[in-house]
Structures are given as structure tokens and as C-alpha cells.
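Here is a brief report on aromatic contacts and surface features. Please read it alongside the model.

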Amino acid sequence: YLQQELVGGIPLGVAWLALGAVSFTIYLSGFYLWGFRHAVDAVRGKYDNPHETGEVTHFQALSSALSGTVGLGNIGGVTTAMLLGGPGAFFWMMMFGFFGMSSKFTECTLAVKYRSVDQDGHVLGGPMKYLRLGLAERGLPGLGMVLSITFTVMCVLASFGGGNMYQANQSGAAMLQMLQQHSLQDLADLKQAIRESASRGDAAEVEELQTRRRDQEAQLAAFEGNFKLVYGLVLASLVAVVIIGGIKRIGRTAEKLVPSMCLIYVAACLFIIISHITRLPELIMLVFTEAWNARAMGGGLLGVLVIGVQRAAFSNEAGAGSAAIAHSAAKTEEPIREGCVALLEPFIDTIVVCSMTALVILTRGAWSHTGWVVDQGLQGAALTSRALQEE
């Protein structure tokens, strides 16, 4: 070896988000607990005033931000976390969800406080604004400008990867799994037959089955390539119809789709969980036990913790700054009020929806199902979809 180095520890981004979330929670005296009622009242429209500055209502702002977080981060992200770190990783996702409510409150409050509104009523707000203006107030204009520009560049780059490619890939994979379900099962059966023939020492049969397996894999790969191209074009067209209309059209679309999406998904998951209600105490105990198991998957206790925080950060984006841009457009003159609305996101996203996914995955044993994970090659959203189909 030319060089050896230790690989492991906590990635800087994960540590920074986790440290910020805990610090805000302590500084704000656990505001997300005693301010929860006020947050619900604001979302219900109790304080809505159509004459206040902004482009969307509190509910539309919440739905717009949730539309980018409730979804594949909760469906594919939870599954990926448990594949890598076992059931214990979900416990740390939940913990970051609780603490992340303070991060979300803070960033969205600042987004409204430092936003700007042009003569046409269009709003511009988010980390690129409050980093520059807020640090300038504290006598650090140079640092604020550097951080503002850095965030802007990183946000644009992240919108391609975390905001587009992952979403399109995972939703396409879930759809593909449903269309290829029988073919994937045939492939898994072929692999099992190959193992049985090999154990008997029947070389001729193994060779014949291997040829059939390669043909089957080639057919699946060819269909996948064509399907994903068409699916991507259709998805891009549908999204374009919405986002070209700006934040107002995004808000109107999201307020209709997001609540329906959440309710249907949670209802489906609850049906499965209630159907296996006798196993619930056992599964909850498994999550807590594996969370503190130093011999757990994913590199021990630290590895499981890191995996859980990573997937939770991707799921609810608390502290990442993206939701703050959507919330800055809310019709309100009270920054704290919009911060209260925003703190509901990690609760809905990580604590409610992710919990539903995790319990379904654990109920069906999908996270360690050799036939699905190894033989059929399912992971992420496709694996969650397969577990739901079983019921």
C-alpha cells in the first residue's frame, strides 16, 4: 500500500447539522414542544390576513416545503437507512426529527425576517439573504457575503442531485418494480434453482439455468433503459407545468396534492400496522435495542447514529436552507409565526410518515429479506413498494 488512512467517524456536514439542531433546541428551551399548538393554529388559518405582504398562505408555504421532503426521503430513505444500519438507524432518524424542528423553526424565521419584496409583490428570501444581511448587522459583512454566495452555488448544484435526480430515479424505480414484478420473481426463482443445481453438482443444468438468467437480466435491463427515458420525459413535463407558474402555482398545486398524498400513504401503512398489531411491541423494542447495540450494522453504534442522522437530514432537510426559500414567500408580517408553521415539517415528515414506513418495513421484514434485496436487487423506494404490495 502506498498510503493507509482511517475511514470512518462522522462526516462534517452531518455533525454540523446535528450540533446546530441540538444547540437551537437548548437555546430556544425546546420551543417546538410548547409552541406546537400555536403552529397548528397558524396552519389552520387562524391568523391569515390576505392584506399582509407575501405570495402564499401559511398552509401553501407548508405544503410547498413538504412537497420537496414528504415523499422519497420518507419512503426510500428509511428503507436505505435500515438496509445500511439495521432497525436502530430509524431511532436516530427520529431523534434528529425532534431536534430538527428547532433548526427548521430558526431558518424559516430568519428567512421571513430578512426577506425583500419588490414593487410587483414578488418575494426573495432564504439563506442567501439572511446570511448576508444578518452577519452584516453583526459586523461581519465579508463573511456574510462569502457564505451567501457559497450557499447559492451549493443550492443550485444540490437541486440537480438531491432535488431532481434522486427523486426521478427512485420514483421511476418504484414504478418499474411494479411493472416488472413477475419478471423479477422469475429471476429470483432462477437464482434459487441455480443454487439448488449447484449443490447437487449438476453442471449441465447450472449452465443452462445461467444462460436463461443472463437472457432474463438482459431483457429486464433493456426494458428499464427505455422505460426510464420515457418516464423521465413525462415527469419533467408534468413538473414543468407547475414550476413555470412560479411559487403561487406551486403553492396551489402542493396544497391539494401533499395532504392527499400523506393521508393516503399513512392510511395504507396504518392498515398494515393494525393488521399486525400484536407484533408492534416487539418491533418497537427491536428499534430501541438495535439503536444502542455497539455491534449493530453500519460500523457499530457510531455508524448507525451517522446513518440515521444522514437519512433524516435528507428526509426533512432541517438546517439545509431549502425550505426557508419557500417559507419566505408566506403572507405574514410575523417571522416567528412562519417559523412556527415550518417546525411542523420535521414532525410530519420524519416523526409521522417515516415511522409509518419503518413499521411497515419491519413488519414485513423487508430490510433483511434476502429474496427481495439480493435475488431481485430491490432497494430504496422499490423495496418499500414491494413490502406494501405484500399486504
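Phe91 is buried, at 10% relative accessibility. Buried means under 20% relative accessible area, exposed over 50%, and partly exposed in between (1.4 Å probe, protein chains only). This is a predicted model: local features need pLDDT of at least 70, side-chain atom pairs count only at pLDDT 80 or more, and totals for chains, interfaces and linings use all residues. Residues are numbered from 1 along each chain as its sequence is written, and side-chain values use heavy atoms, without hydrogens or water.

Trp92 is buried too, at 11%. The whole structure holds seven aromatic pairs. Rings of Phe, Tyr and Trp (its six-membered ring) pair if their centres lie within 6.5 Å; planes under 30 degrees apart count as stacked, over 60 as edge-to-face and the rest as tilted. Two of the pairs are tabulated.

| Pair | Centre to centre | Angle of planes | Class |
|---|---|---|---|
| Phe91 and Trp92 | 4.9 Å | 85° | edge-to-face |
| Phe227 and Tyr231 | 5.6 Å | 25° | stacked |

Phe227 and Tyr231 are four residues apart in helix 10, so about one helical turn separates them. Helices are DSSP runs (H or I, at least four residues), numbered from the N terminus. Phe227 is buried at 15%, and Tyr231 is buried at 18%.

Phe31, Trp34 and Phe105 form one aromatic cluster. Gly201 sits in the loop between helix 9 (181-200) and helix 10 (203-243). Gly201 is exposed, with a relative accessible area of 59%.

Leu157 lies in helix 8 (residues 141-179). At 52% relative accessibility, Leu157 is exposed.

Key
Helices (H or I, at least four residues) and strands (E, at least two) are DSSP runs, numbered from the N terminus.
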